Amino acid sequence: LSPLPPAASGCADHSAALLAALAPLAEVTAFSDTISPILPDRVGFGGCADASVTRSKRFDAVISVIGNGILHQRETELLLQSGGAAIVHDARLIDLYRTGFGDARALGAVVAERAAPVSFRDLDGWEADQTAMPVRFLGEIAGAAAPLIVHAAETARYVAMTHGIAACFLPFPPYRMLPLAMLTPDGQAAARARLGMPPDMALIVSFGHIHPDKAPELVILAAAELYRSTPFRLVLAGG
């Protein structure tokens, strides 16, 4: 159960790569709210999932893919209703709760995890700087998932310490594979020419959404220190 391409979601892209790897090993059916999803060969499409899917005896396992956004609302609701395996992509799920379930539900989730008063102003502040959050909105999902699969060892440690639940750590692999021709010296030279990069100029790139969570100001300050001795171009590549 997951968003799938062409949905503008890294989770969707990862799920497509995962399905392609699973297809030779098992009979796999994908369920998604994505309209006209692009599926790998040998993967069936079951349409939008509902409770009849998650409770069906047709399947040996049901896996819900959960990320920090409204695209994962249905998967989360079904997981909380029926249980099953879950792959949680993000270390914090405040955006999922606020946009998918509303602020009242988000506040309730915080109280359940933190057992302390919380306000809408707290939610606004945490969303602006998610590294400052005292909770991660993982409690309900951790309690419903069997197994709970996460992509960061630190997230697994947090879930164990905070919720007493052992999560499975599945390292996050690169899934966007570049054509080999792009990685040759000629391919690299052509890419530099397209970007207007001198052949001998070093390039440092930070990928992903440009957001306070990634500390862009600190990256720029660190780059300024390095630039004193090593000229290079710094690129923050992302929305």
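This is a predicted model: local features need pLDDT of at least 70, side-chain atom pairs count only at pLDDT 80 or more; totals for chains, interfaces and linings use all residues.
**Exercise 1.** Determine which residues and elements surround the largest pocket, and how its lining divides by residue type.

*Solution.* Begin with the space itself, for which the computed volume is about 1,800 Å³. The lining consists of 44 residues, and those closest to the centre of the pocket are G10, F207, G208, H209 and K214. Turning next to the secondary structure, two or more lining residues come from each of α1 (10-22), α9 (185-195), β7 (202-207) and β8 (232-237), and the largest share, four residues, is that of α9. Finally, sorting the lining by type gives 20 nonpolar, 15 polar and nine charged residues.

**Exercise 2.** Repeat the analysis for the second largest pocket, and state which element gives the largest share of its lining.

*Solution.* The volume of the second largest pocket is about 660 Å³. Its lining has 24 residues, with E27, V28, T29, A61 and I63 nearest the centre. At least two lining residues are supplied by each of α1, β1 (28-30) and β3 (63-66), while the largest share, four residues, belongs to α1. By type, this lining divides into 18 nonpolar, three polar and three charged residues.

**Exercise 3.** Classify the ring pairs Y97–F101 and Y227–F232, and describe the setting of each.

*Solution.* A pair of aromatic rings is described by the distance of the centres and the angle of the planes. For Y97 and F101 the values are 5.4 Å and 70 degrees, an edge-to-face pair. Because Y97 and F101 stand four residues apart in helix α4 (residues 94-101), about one helical turn separates them; both Y97 and F101 are buried. For Y227 and F232 the centres are 5.6 Å apart and the planes lie at 65 degrees, so this pair too is edge-to-face, planes over 60 degrees apart being counted that way. Here Y227 is partly exposed, at a relative accessible area of 44%, whereas F232 is buried, at 8%.

Conventions: Residues are numbered from 1 along each chain as its sequence is written. Side-chain values use heavy atoms; hydrogens and water are left out. On a 1 Å grid over the protein atoms alone, a cavity is a set of points where a 1.4 Å probe fits but cannot get out, and a pocket is an open set with protein on both sides within 12 Å along at least five of seven lines; lining residues have an atom within 4 Å of a point. Grid points are joined across faces, edges and corners, and a volume is the space filled by probe spheres set on the points. Ala, Val, Leu, Ile, Met, Phe, Trp, Tyr, Cys and Pro count as nonpolar, Asp, Glu, Lys and Arg as charged, and the others, Gly among them, as polar. Rings of Phe, Tyr and Trp (its six-membered ring) pair if their centres lie within 6.5 Å; planes under 30 degrees apart count as stacked, over 60 as edge-to-face and the rest as tilted. Buried means under 20% relative accessible area, exposed over 50%, partly exposed in between (1.4 Å probe, protein chains only).
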